[in-house]
Amino acid sequence: MEHDERLDVLRSLPKVELHRHLEGAMRLRTQWELGRARRINLPLSSPEALAPFVTWSEGEPRSLKHFLTKFRGDWWGSYKDVERVVREEVEDAAREGVVHLELRFSPENLSRTGKLRAEAAMQAVAEAGQEAGEEHGVGVRYLVTLVRERQDDDLWRRFIDHAVALHELGVVGVDLAGDEFDHPNHEFVRAFERVRDTGVLGVTIHAGEGTSPEHVRSAVELLGAQRIGHGLEAARHPGVIGLLVEKKVALELCPVSNYQTGCVDDLSAHPLPQLDQAGVRVTLNADDPAIHRTGLLDNYDVAVSRWGYLLDDLLRLERNSVQAAFLDEPARAKLLEKVEAGYRACAGQGLNGGPTDAPSGSR
Ligand SMILES: [Zn+2]
């Protein structure tokens with residue numbers, strides 16, 4: 001099956017996206033327009049002039065530190081900017097066949113320009129996302145990202161309280177992101193106790209992204225992670241794999257991102273298939289599609305073209321995502337039904353593996 005034909009089949013499959021950053025999914029043109037409006041200090045003669053500063057391309061260093069330089073918080077001039085970006089991102093996800101999207105964002109990032117209040121920005125995200133979700137047939141939920149380098153107990157308490165206040169609007173969990181090396185999990189025990197004490201917010205922790213299996217273990221044991229952002233390093237330690245299987249902790253894997261940040265050198269050797277075989281609840285996600293200059297479909301394409309995954313294998317991953325979504329049980333059952341019906345409708349389209357061209361932006 002040709003690359004384009006395969007992408008068409010992949011597009012038609014109903015997908016669950018658990019790991020996507022609002023800040024990393026902004027259209028290049030929108031960043032350019034917001035950047036011009038705010039006169040930020042970057043080349044802004046055209047979107048392509050801006051691109052090297054906010055997107056990754058082949059030949060650049062593959063390290064998390066370098067990648068994170070593309071991740072900016074200085075776009076925001078008004079709540080309308082936030083609403084626009086969220087609407088566009090939901091539309092973009094729908095175009096790739098996403099039916100359930102958990103969009104994460106840092107309230108601290110959205111308020112860093114001093115133009116927006118963090119709590120009001122959280123509300124703007126949730127309201128715009130609900131509206132866009134209804135328009136495009138996507139169930140949209142939100143995760144609040146706390147950034148390791150910017151630990152601030154009082155501020156984080158406010159974010160967590162406000163996340164609970166917005167639970168009815170779809171804020172369902174809290175994420176921890178940032179530099180795991182200098183700011184390890186044990187520094188965040190109290191903050192995540194507070195998250196778990198809310199009784200309504202799920203916990204997902206970026207861990208084991210180029211660090212070590214122990215970072216994955218401590219995310220589960222110290223912070224109560226129900227899901228791990230990436231967690232590839234777990235593959236190197238049978239004991240940590242066993243812990244993930246036993247506790248049914250899901251890994252939010254993002255193969256293209258994992259290549260661009262240098263966590264894997266070769267997508268064919270990505271540890272997802274190994275973890276899948278060991279019974280870990282592995283899922284496929286996009287992470288920062290605008291920075292990667294690829295989409296969720298490219299990650300699915302890696303599974304098919306590099307690992308030989310067929311329709312049944314993709315359905316197994318999709319079921320994992322449904323099980324790991326931060327949803328109540330009736331909503332989960334409904335989502336599962338939708339996903340399974342969509343896969344049944346695609347059966348017989350001959351989704352076969354085999355060597356093919358690499359997806360763009362990745363090796
Ligand atoms: Zn991430």
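Student: Where is Arg344 placed?
Tutor: Arg344 is in helix α17 (residues 329-346); helices are DSSP runs of H or I with at least four residues, strands are runs of E with at least two, and both are numbered from the N terminus. This is a predicted model, in which local features need pLDDT of at least 70 and side-chain atom pairs count only at pLDDT 80 or more, while totals for chains, interfaces and linings use all residues. Residues are numbered from 1 along each chain as its sequence is written, and side-chain values use heavy atoms, with hydrogens and water left out.

Student: Why does Arg344 count as exposed?
Tutor: Buried means under 20% relative accessible area, exposed means over 50%, and partly exposed is in between (1.4 Å probe, protein chains only). Arg344 has 60% relative accessibility, so it counts as exposed.

Student: Which residues coordinate the zinc ion?
Tutor: His19 (NE2), His21 (NE2), His206 (NE2) and Asp287 (OD) do, at 2.1 to 2.6 Å. Donors are N, O and S atoms within 2.8 Å of the metal (3.2 Å for Na, K and Ca); water is not among the atoms, so sites may look incomplete. In sequence, the donor residues are spaced H-x1-H-x184-H-x80-D.

Student: What makes the arrangement around the zinc ion irregular?
Tutor: Four donors count as tetrahedral if all angles lie between 85 and 135 degrees; four count as square planar and six as octahedral if opposite donors are over 155 degrees apart and all others between 65 and 115; anything else is irregular. The angles subtended by the four donor atoms around the zinc ion run from 81 to 170°, and therefore the arrangement is irregular.

Student: What is the phi of Lys248?
Tutor: Lys248, also a residue other than glycine, has a positive phi near 55°. Lys248 sits in the loop between α11 (238-246) and β7 (250-253). With a relative accessible area of 55%, Lys248 is exposed.

Student: How do you know that Arg217 and Glu221 form a salt bridge?
Tutor: A salt bridge is a side-chain nitrogen of Lys or Arg within 4 Å of a carboxyl oxygen of Asp or Glu. For Arg217 and Glu221 the N to O distance is 3.8 Å. Both residues lie in helix α10 (residues 213-221), four residues apart, about one turn of the helix. Arg217, at 22%, is partly exposed, and Glu221, at 47%, is partly exposed.

Student: How many salt bridges are counted by this rule?
Tutor: The count comes to 35. Among them is the one between Glu108 and Arg112, at 3.6 Å. Glu108 is buried, at 19%, whereas Arg112 is partly exposed, at 39%.
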